[in-house]
Amino acid sequence: MQMTMGLPDPVRDADFYADTTMKRGFAWVVDVVLITLLSVALTPLTLFTSIFYFPLFYLCVGFAYRAATIARLSGTPGMRLMSIELRGADGLRLDPMQSVLHTAGYTLSVVAFPLQLMSGALMIGTARGQGLTDVVLGSAALNHAAMD
């Protein structure tokens with residue numbers, strides 16, 4: 001199915017959204033592990049000064065990781081491993097600006113924990129499994145296999 005007219009209907013095209021909330025959870029775990037490993041690997045390049053501000057350093061590495069991979073692959077490596085892709089309200093892959101905005105929304109929700117709780121509740125409670133950032137941007141995670 002070629003999606004150029006928006007996101008698939010969650011009732012008529014339910015396969016696009018099947019298990020995406022659970023898959024996003026597993027993808028998040030994979031990405032946290034990869035970002036942690038990347039942050040530790042990059043620490044020597046800071047002459048080990050990042051040890052003193054590691055949470056901020058980790059947040060910056062995570063922002064770059066997410067924004068770059070979403071812009072390039074329409075999902076993080078964890079999302080790709082779980083066979084899901086982020087798509088915009090138009091049904092197309094996120095462009096670089098949308099990727100940065102999506103990552104900024106995610107980062108804000110991580111920093112302000114109540115927003116993360118709201119995002120999780122929305123993923124569970126909305127027909128498209130959209131988190132808070134997805135609702136604001138009109139994006140959604142779709143099963144890659146359903147797009148073929």
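Keep in mind along the way that the model is predicted.

Let's begin with the largest pocket, which holds about 370 Å³ of space. Its lining is made up of 21 residues, and those nearest the centre are R24, W28, Y106, Q116 and M123. Several helices take part: α1 (20–42), α2 (54–73), α4, α5 (113–125) and α6 (132–137) each bring at least two residues to this lining. The biggest contributor is α1, with 6 residues. If you sort the lining by class, you find 10 polar, 7 nonpolar and 4 charged residues.

Now turn to the second largest pocket, with a volume of about 180 Å³. Here α1, α2 and α4 each provide at least two lining residues, and α2 has the largest share, with 5. Among the residues around this pocket are W28, Y58, F63, R66 and Y106. By class, the lining splits into 8 nonpolar, 3 polar and 1 charged.

Our last stop is L94, in the loop that runs between β1 (84–87) and α4 (96–111). Is this residue buried or exposed? L94 counts as buried because its relative accessible area is 5%, and the cut-off for buried is under 20%. Leaving aside residues up to four places away in sequence, L94 touches I70, A71, S74, L86, R87, G88, S99, H102 and S139. For a sense of distance, the C-alpha atoms of L94 and L122 are separated by 20 Å, with the two residues 28 apart along the chain.

Conventions:
Residues numbered from 1 in each chain as written. Predicted model: local features only at pLDDT ≥ 70, side-chain atom pairs only at ≥ 80, totals over all residues. Heavy atoms only, no water. Helix = DSSP H or I, 4+ residues; strand = E, 2+ residues; numbered from the N terminus. Buried < 20%, exposed > 50% of the residue type's maximum accessible area, 1.4 Å probe, protein only. Contact = heavy atoms within 4.5 Å. 1 Å grid on protein atoms, 1.4 Å probe; cavity = no way out; pocket = protein on both sides within 12 Å on 5 of 7 lines; lining within 4 Å. Points joined across faces, edges and corners; volume = space filled by probe spheres on them. Nonpolar A, V, L, I, M, F, W, Y, C, P; charged D, E, K, R; others polar.
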